[in-house]
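Good morning, and thank you for coming. Please look at the structure on the screen while I take you through it.

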Amino acid sequence: MEWFKKAKEGLISQRRKDIPDGIWVKCDSCGEIIYRKELEKDLWVCPKCDYHFRIKSKDYMNLILDSGELVEFDENLEATDPLEFKDSKKYPDRIKESQRKTNLNDAIVTGIGKINGKEISFAVMDFGFIGGSMGSVVGEKVARAIERALERRIPLVIISSSGGARMQEGILSLMQMAKTSALLARLYDHKIPFVSVLTNPTTAGVMASYASLGDVIIAEPKALLGFAGPRVIQQTIKQDLPPGFQSSEFFLEHGFLDLISHRQDLKKNISLIVEYLS
Amino acid sequence: MNGPILDFEKPIYELEKRINDLKELADHQEDDSLEGLELTREIAALEQKLDRLAQEIYSKLTRWQRVQLARHPRRPCTLDFISLMCTDFVELHGDRGFADDKAMVGGFAKMDGKPVMVVGQQKGKDTKQKLYRNFGMTHPEGYRKALRLMQLASRFNKPVVVLVDTPGAFPGIGAEERGQAEAIARNLREMTRLEVPVIINIIGEGASGGALGIGVGDRVFMLENAWYSVISPEGCAAILWRDSAKAPEAAEALKLSAPDLMRLKVIDQIIPEPNGGAHRDPKAQAQILKREILSALNELEQLKPHELIDQRIAKFRVMGEYVERGRE
Ligand SMILES: [Zn+2]
């Protein structure tokens, strides 16, 4: 399993902000103290409770694509500041800071890669870039990834991780939902397969557009999935939320997922689905 | 006038009251008496002043004042527009799967004799109606009901008129259990595929995915004082400043007014409101909107279904702003 080894190397070589440095790492879910080397070997999945730690877009490329190789497209797309939005920071400063921190231009990486020898149009979001939020750049890159799948008649695979539409671009962020979904209508009519993979978390504007429109929808275990954020729901209905609410398992139970896939099986599952839909 | 009055509307209502009082007084005077003539002159002067005052106030509304007008307790809502613009409305119910969402209404109707399908969120005005309509906050079954009706219209070649007015899709346990995100996403894709003209009208509040969930069409019209954004001003303020009382600042930051959306190329046309807002003359407002809808339908009905769909996709395809730097 060449890809598996490569994936592990990819993961080892990276340091992640949301995972503390040190020899030992505490599991966010069960609190288990885990030897860091062991976690890396297990693709950042807790050996005790199967909690899937958040990993970077680069890690997913290594995990899913043959030799971790992606011919990247549209990497030079960058956000503007159409609203001249300012809160504690100016929006352009927030972008620059995220670019420095993540070494990405925005919250998604797109291109063409291979999965077990089969060419796919691939897109992977990165939560590290302003919470994986979707502004005009993410919307445009997803739109172009859909168009590449259409032009080349190859399957589309999108790995999502996003808190939703990007507030700083206001209505234009909202319109990216319509833009991507409108192009997916075209993909749908041309019978080109689309596999949507949901990772922790995928919510709001992204969940209410392309992430929910896969011919097959796969989620990693125990991811937070949903439309509204749990805090907003709690404040609205003024009661406690049931345990496991808005998890992958909850979504599967209510009929909105095709399957939950352990990170170790993710490549195999995507590859099989793509094969069946071809 | 009954019902609440917004702060910035007060000078107008006060002046109107003075004019009405004087008119009543004038009614008890002989027309050609000295007092009567003087009263008539004074009334005329005050009416001129009222016109100027209304012009002055309503020509430079802040974004937050527009939000308040969009939420005005007497603002005409979806069912008002349907009854003022249409005849022979036959309301149709249910999503054929789970329930009939009272926050979403729809059915066939005639506009100047032309059969159309009208769908939209209904907010409700008094407390009882608001509760019955869940404040216009739709559940997944509401989006599915809307889609069912729009697809019905598409199959039987009737154009679709959508009236958007919602403070947001409902955030609740049942809504998540029944797939709020899936329902909205599916609508975005399936509205793209409708084979008949679709006119979207933002008549009041257009809050985020809850509004967009019935917001994909060939023309997007927006009433002058409606608002439409990715998040409500209160939600934005809560995130940015942990204080929803800062909603007025958030409304400014979000650029959510009709003129803003025109500049950002998200809407096609601003529908003017009667002086002082839609609530000051709902009948006139409905006539203005109806005229624009019918004129757009006339244009769009020249197109074949695949042309409509191609143009609809192209319309949304170009939305957004970004830069593409030269490759190093
Ligand atoms: Zn654990």
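A residue is called buried under 20% relative accessible area, exposed over 50%, and partly exposed in between, with a 1.4 Å probe and protein chains only. By that definition Cys46(A) is buried, at 0%, and Cys27(A) is buried as well, at 3%.

This is a predicted model, in which local features need pLDDT of at least 70 and side-chain atom pairs count only at pLDDT 80 or more, while totals for chains, interfaces and linings use all residues. Residues are numbered from 1 along each chain as its sequence is written, chains are lettered from A in the order in which they are written, and side-chain values use heavy atoms, without hydrogens or water.

Let us turn to the metal site. Which protein donors does the zinc ion have? They are the SG atoms of Cys27(A), Cys30(A), Cys46(A) and Cys49(A), lying 2.2 to 2.4 Å from the ion. Donors here are N, O and S atoms within 2.8 Å of the metal (3.2 Å for Na, K and Ca); water is not among the atoms, so sites may look incomplete. Along the chain, the donors of the zinc ion follow the spacing C-x2-C-x15-C-x2-C.

Finally, consider the two chains together. Contact, meaning heavy atoms within 4.5 Å, joins 52 residues of chain B with 60 residues of chain A. Between these chains the count is six salt bridges, each a side-chain nitrogen of Lys or Arg within 4 Å of a carboxyl oxygen of Asp or Glu. Glu140(A) and Arg317(B) meet through their side chains in a salt bridge, at 2.9 Å from N to O.
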